[in-house]
Amino acid sequence: MMGSRGISKRENALARFFTLVRKELAIIWSDKQALAIVMILPALAVVAIGATSISSTNSVDLLTAGRAVNIGVVNEDTSLGNPNPVPLSVDYINILGNLSDVTLTMYNNTSEANQSVWYEHTIGFIVIGEGFETNITTGLPTYITFYSDALYVLAEPLIANKVNDAITIFKQQYGYNANDITYNTANLFQVNSALFVNLPLILTLTLCASGLMLGCQSVVGDNPLYRVALSPATKFELITSKVTAYTALHMVSALLLLGIPLLGFHMYYRGDFFIIWMLCALPAFCGVSLGVFFSTLCKTKLQGSQAFLVGFMAIFILGSGLFLQGNWPIIFPMVHNQAVFNIIAYKGLGIVQAWPQIWPQLVFGGVFYVAALIMLYLKKEAV
Amino acid sequence: MSGEDEIVDVGNGTACTVEPAAQLPQTPQRRIIDVNNITVRVKKLKQPIVKNATFFSNEGEILGIIGETGAGKTTILRCLTGQMKPATGTVVVAGIDVIHHRRDAIKRFGYVPQLELVSIYDQFSAIQNVYYFGKMYLSGVPDDAIRTRARELLFILGFKEDLMLKHVAAMSGGEKKRVSIAVGMIHNPDVLLLDEPTTGLDVSLRIQILNYLKNLNKKLGISVVIVSHDLEIAQYCNRIVLLDGGRIIEFGDPEVLISTFLPCDGRAIKLEVTELSEEVLETFTQVPEIKYVIKSGRNDVKIFAENIDREMISKAIEVCDMVGIGVKSITLDRADFTSYYRIRAKLEKERVKKEESAKKELT
């Protein structure tokens, strides 16, 4: 074969692409320590949290301040039948609705309102009982009951804060004393462990941040990349293979993160395990794509590390769902992915119901994937 | 080419005659490299970094592109690989126009960059590196066939089985370079392009690498282009392109270049004297019969003259007597490429200097 120059030069772009994917995985496999950090540490975090019972509730005022909330309202007050003068329950609802960062959605009954929480349209709802006005005007205590989404860790304090603020204003306006009106709370979903509450965040954060970290070094840290680009492999294949390999790697990580709670801590997933697992590709894809894009902008590995830090802060602070004010979560993948996890894993709904939270992640990942591709095509690096 | 003399424009308004090398076959040969009148510009500089470069190489030959740092060697190599586009001219590699059909051309040449860091993966073994790169080119070929070819190539390049499996990170510079060469060869290219293959290696490794290249050239019949500032490569080359300041100052068979440029077919008198100084060298140049003088060792001097005979030897001894130094030995020598290059490059620099001062005077 050597002397004859007879080796076939048939091309198979798909085989080449999978070789590139294998090469990327082999590079990661060759660094066992890095692999352990990617795989084992998040799993240890899950174990640690799983072994912890729910700790005492800390003040969440700081976290809830200024956050926009969408609250459902069911008004069962019998005085609604008499519109003149305006019933007190309607006045209370108006006060609540006029509070800053509050959006109200009216429902006819608790069943409808419940559905809205189930499908993530609201984070909870309040029910104004039928004796609201009668009780207040006759000096009897009256209650507003609210139900919050237990899968959204801030739902209860957020609604409680707003309901309470509205009650205070209402009392000042009408001169009622503190005992006349108060509220009861109830959670719509059963929270049985700290792991149950934290798993969506751990899973999303791990996959997204770890993907971002790997992605940030993917181009700038791949020294022979431009030598590979001098072969028939296209830049499209180079970027796609990196994104595919890193996403696949994180799917293994996701399997661990989902499997440990299931097998070790009796976690109950209402949804289909395979679908839950497959959807874990979304945060990984988003993190990896953003990282690869950053990496195409960087000229040194140090810049890649710094880009990771910036990206991580942006994703975590603006996208984790914990520290955000305003409407930024719409474009950040982590908020959506936690919601997807809640919808599919905990509520047992399907992809159709989760679609409004899935497509923003596809768009986010897709945009940065294309941007990375364009950047690599524009780069004129020579070896 | 077909064995006839060819007049080649060397880009400086002069022309040099390139005679076919004696050892080259006389049958018509395919041009594996054909660079015609390329000029390369970059945005930051007013002057082109390569000017009107024209040269070629036939199938099965080793072509050396030699010049100092900044002469334009790597630029020319990048034009050959399609990484840079010349402003004017054509670049044909293995019959394919690189400027317009780069993706086709890529499959026809193998490339060995200067630095192994950007050429092969440290994390992989030699065989893994060659295999992965092989799969890029030979994606339709079964894995086993690529691995077999990788082993054969590495074997030719002096790798034993255990070394093939060793991680590149743990290899010496010479071993890494050979892995890089194997990577460039895996797809059986028509021509192998090497950027400074001997840089950073000690003398014995430099020779070793060049011998391996010669071996590949002989055993597989592959054409080779070596870009280097290392003059040692000349003795391995069938043709040489000499670059200076982005211009080709000479192009041809190195033996022919030496014998046609230097007087008396490149023969020289080599004197070993007791103490050699700049003044002594200057005194030699004053002798009308002596054309060039170069220092070839600590106390060695090589004298090139129109006639190398007894009379010339006597004159050389007279000069030594005149300046008060003793002569330890006298030998008749032939110019090697290093001697030729030093004289040729010096003359070129003097010519450029004269041109520049003439221009200044005019302005």
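Two strands pair if DSSP finds at least two bridges between them. I note also that helices (H or I, at least four residues) and strands (E, at least two) are DSSP runs, numbered from the N terminus.

**Entry 1. Conventions**

I am working with a predicted model, in which local features need pLDDT of at least 70 and side-chain atom pairs count only at pLDDT 80 or more, while totals for chains, interfaces and linings use all residues. Residues are numbered from 1 along each chain as its sequence is written, and chains are lettered from A and ligands numbered from 1 in the order in which they are written.

**Entry 2. Strand β10 of chain B**

I looked up the pairing of β10(B) and found that β9(B) joins it in the parallel sense over five bridges. Strand β5 (residues 62-67) of chain B also runs parallel to β10(B), again with five bridges. I recorded two residues opposite B:V227 of β10(B): B:I65 and B:D195.

Is β10(B) enclosed or open to the outside? I call a residue buried if 20 or more other C-beta atoms lie within 10 Å of its own, exposed if 12 or fewer, and partly exposed in between, with C-beta atoms placed from the backbone. Six of the six residues of β10(B) (residues 223-228) are buried, so the strand is largely enclosed by the rest of the structure. Both faces are covered, with B:S223, B:V225 and B:V227 buried on one side and B:V224, B:I226 and B:S228 buried on the other.

**Entry 3. The largest nonpolar core**

A nonpolar core is a set of buried Ala, Val, Leu, Ile, Met, Phe, Trp, Tyr and Cys residues joined through C-beta atoms within 7 Å. The largest one has 202 residues, and those with the most contacts inside it are B:V130, B:A182, B:V225 and B:I303. I noted that helix α8 (residues 194-218) of chain A gives the most to this core, with twelve residues.

I then followed B:I303. Two residues are in contact if their C-beta atoms, placed from the backbone, lie within 7 Å. Leaving aside neighbours within four places in sequence, B:I303 touches B:A268, B:I269, B:L271, B:F284, B:I290, B:V293 and B:A316.

**Entry 4. A sheet in chain B**

B:I303 of β15(B) is the bridge partner of B:V293. Strand β15 (residues 300-305) of chain B runs antiparallel to β14(B), with five bridges between them. I traced an open sheet of four strands in chain B, in the order β14-β15-β13-β16, with antiparallel pairing. Its edge strands are β14 (290-295) and β16 (327-334) of chain B, each pairing on one side only. Neighbouring strands of this sheet are turned by 25 degrees against each other on average, direction ignored.

Helix α10 (residues 310-323) of chain B lies across β13 (267-273), β15 and β16 of chain B, at about 30 degrees to β13(B). For such angles, axes are lines fitted to C-alpha atoms, for helices over the stretch in contact, and angles run from 0 to 180 degrees between N-to-C directions.

**Entry 5. Domains**

Domain bounds come from an automatic or database domain assignment. Chain B is divided into domain 1 (6-258) and domain 2 (264-334), and their C-alpha centres lie 38 Å apart. Chain A is divided into domain 1 (13-52 + 193-378) and domain 2 (61-187), with C-alpha centres 39 Å apart.

**Entry 6. Where the chains meet**

How many residues of chain A are in contact with chain B? I found 28 residues of chain A in contact with 28 residues of chain B. The largest share of the chain A side, seven residues, comes from α1(A). That side divides into 14 nonpolar, seven polar and seven charged residues. Here Ala, Val, Leu, Ile, Met, Phe, Trp, Tyr, Cys and Pro count as nonpolar, Asp, Glu, Lys and Arg as charged, and the others, Gly among them, as polar.

I also checked B:Y111, which lies in strand β8 (residues 109-112) of chain B. B:Y111 is buried, because 24 other C-beta atoms lie within 10 Å. Leaving aside neighbours within four places in sequence, its contacts are A:L230, B:T81, B:G184 and B:L193.

**Entry 7. Two positive phi values**

Most residues other than glycine have a negative phi. A:D101 has a positive phi of about 65 degrees although it is not a glycine. A:D101 lies in the loop between α4 (88-98) and β2 (102-107) of chain A and is partly exposed, with 15 other C-beta atoms within 10 Å.

For B:E196, also not a glycine, phi is positive and near 45 degrees. B:E196 lies in the loop between β9 (191-195) and α7 (203-220) of chain B, and counts as buried because it has 20 C-beta neighbours inside 10 Å.
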